[in-house]
Each structure stands twice: as structure tokens, then as C-alpha cells.
Amino acid sequence: MASGLAHEIKNPLGGIKGAAQLLRGAVSDPELVRCTDIIIREVERLDGLVEQLRELSTAPRLHLEAVNIHRVLNDVVELQRQSPAWGAVALRTAFDPSLPPVRGDRAQLTQVFLNLMKNALEALGGTGELLLSTRLEARFHIRRRSGRGRFLSVLVEDTGPGIPEEHQAQLFSPFFSTKARGTGLGLALCQRIVGEHGGTIGYEPRPAGGARFRVTLPVSQDADR
């Protein structure tokens with residue numbers, strides 16, 4: 001139902017946006033131009049929301065391969081550094097260079113960490129620290145015919161205000177958001193993607209203040225041989 005509804009909404013949104021763009025080119029009154037800009041901007045926001053809803057309602061088709069998680073994280077950092085939201089944020093990394101690759105879909109994993117870093121930067125408001133760390137996870141194993149499969153973990157942390165305790169249990173619920181203009185679908189989509197990879201994602205308060213999201217992913221089976 002959600003997928004069908006998303007498809008039906010996207011078509012008229014395209015028509016509304018196209019009409020608003022034509023109208024914008026035909027008016028010269030600054031107030032009318034401002035109004036058409038609002039229409040276009042809000043249509044784009046709704047289109048993004050509908051696309052997230054469609055992705056959440058449809059199981060992703062994963063193209064699994066051995067993925068170097070540090071390359072994914074570095075690529076996302078480079079993307080986010082171009083954003084005005086980065087401001088004066090200081091980046092700290094603690095990557096374990098000996099980590100084996102994960103078995104994953106590079107594009108889907110990029111989406112997960114892009115979402116987590118965007119959330120962290122919004123929480124920081126242009127100041128503070130963004131912390132990224134990786135390690136082999138000793139707490140989780142899965143049984144395979146060839147032995148026990150291993151996991152690695154990625155921590156995305158910030159020194160912002162953190163998440164109030166009363167909201168933490170709902171963080172991954174669709175349409176729940178602590179942001180005034182949040183869709184409440186970003187973290188739900190992250191959870192869906194990580195789950196499809198056989199991993200986990202969770203929130204942990206930082207003892208020193210701020211937020212910490214831990215993503216665990218299974219190591220590529222080839223690395224366990």
C-alpha cells in the first residue's frame with residue numbers, strides 16, 4: 001500500500017513543480033517569485049519524503065560484495081565536508097586498519113552512514129566534534145558451517161545535546177522525529193538496510209555527553225577462511 005501510494009503521489013507532485021517553475025518565469029513581482037520558490041521547495045521536500053517512504057516499503061535489492069568500510073566512511077566524510085552544516089566541526093577518527101571487509105552493498109551502506117553523519121552535523125549546529133571509529137566486535141558472532149562468523153562495529157558519535165531518554169525507544173520508529181522538520185524515516189530506513197545486511201544498529205548515550213550510534217555488520221565470509 002505504501003509503495004503504491006508513493007507512486008501515485010509522485011506523479012502529481014511533478015506536475016505541481018513544473019507548473020510552479022513556469023509560473024516563476026512569468027512573474028516579476030518579488031512577492032510572487034518568493035511564493036513560487038516556496039511551492040517548488042516544498043514540493044521537492046515532499047518528493048524526498050515520498051521517495052523515502054517508497055524505499056522503506058520495498059526490500060532493497062542488495063548487490064553484495066566485499067566492501068572496505070573505511071573507504072565508505074571516508075567517501076561520506078568528503079561529501080559532508082562540502083555541506084554548509086559542517087561549519088567548524090572537528091573530525092576525530094579511530095579506524096582499525098587491520099579490519100577485514102564486510103559483505104555488503106556499497107551504495108546502501110553509504111546511505112546509512114550518510115544519514116547518520118547528517119544527523120550528527122545537524123545536532124552539532126556547526127561546532128563541536130564528530131567522532132568515527134571502527135573495531136572488530138568481540139561481543140557478536142554468528143554460527144556458520146565453516147565456523148563462527150565475525151562482526152565489525154562502526155561508531156558515529158557527536159558532542160551535541162544527545163537524545164532525551166524518553167525519545168530513545170522510538171528513534172527507529174517510522175515517522176518519529178525529534179526535529180521540527182524531520183520526516184522520521186531516515187533512521188527507520190537505516191535500520192531496514194542494516195537488518196538486510198544481517199547487522200544491527202542502535203543508539204547509546206555518550207558518558208561525556210552527546211549521541212552515539214553503533215552499527216554492527218558481518219565480516220565477509222571470504223575473510224573468515
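Me: Buried means under 20% relative accessible area, exposed over 50%, and partly exposed in between (1.4 Å probe, protein chains only); which residues of α6 are buried?

Reply: In α6, the buried residues are Gly186, Leu187, Ala188, Leu189, Cys190, Ile193 and Val194. Helices (H or I, at least four residues) and strands (E, at least two) are DSSP runs, numbered from the N terminus. This is a predicted model, in which local features need pLDDT of at least 70 and side-chain atom pairs count only at pLDDT 80 or more, while totals for chains, interfaces and linings use all residues. Residues are numbered from 1 along each chain as its sequence is written, and side-chain values use heavy atoms, leaving out hydrogens and water.

Me: And what follows α6?

Reply: Gly198 comes after α6, and its phi is positive, near 85°.

Me: How many residues are in the largest nonpolar core?

Reply: That core has 37 residues, and Phe113, Leu116, Leu130 and Val156 have the most contacts inside it; such a core is a set of buried Ala, Val, Leu, Ile, Met, Phe, Trp, Tyr and Cys residues joined through side-chain atoms within 4.5 Å. At least two of its residues come from each of α3 (69-81), α4 (106-124), β4 (129-144), β5 (147-158), α6 (186-196), β6 (200-205) and β7 (211-218).

Me: Which of those gives the most?

Reply: α4 does, with eight residues.

Me: What is Leu116 in contact with?

Reply: Setting aside neighbours within four places in sequence, Leu116 is in contact (heavy atoms within 4.5 Å) with Val156, Leu187, Ile201, Phe213 and Val215.

Me: Switching to aromatics, how many pairs are there?

Reply: The structure holds two aromatic pairs, where rings of Phe, Tyr and Trp (its six-membered ring) pair if their centres lie within 6.5 Å, with planes under 30 degrees apart counted as stacked, over 60 as edge-to-face and the rest as tilted. For Phe172 and Phe213 the ring centres are 6.3 Å apart and the planes are at 85°, so this pair is edge-to-face. Phe172 lies in the loop between α5 (165-168) and α6 whereas Phe213 is in strand β7, so the pair ties together parts that are 41 residues apart in sequence.

Me: Are those two buried or exposed?

Reply: Phe172 counts as buried at 14% relative accessibility, and Phe213 is buried with a relative accessible area of 10%. Together with Tyr203, Phe172 and Phe213 form one aromatic cluster.

Me: Last one, where is Asp158, and which side chain of opposite charge is nearest?

Reply: Asp158 is in strand β5. Arg206 is the nearest side chain of opposite charge, 6.8 Å away, and the buried Asp158 has no salt bridge, which would take a side-chain nitrogen of Lys or Arg within 4 Å of a carboxyl oxygen of Asp or Glu; Lys and Arg count as positive and Asp and Glu as negative, with His and the chain ends not counted.
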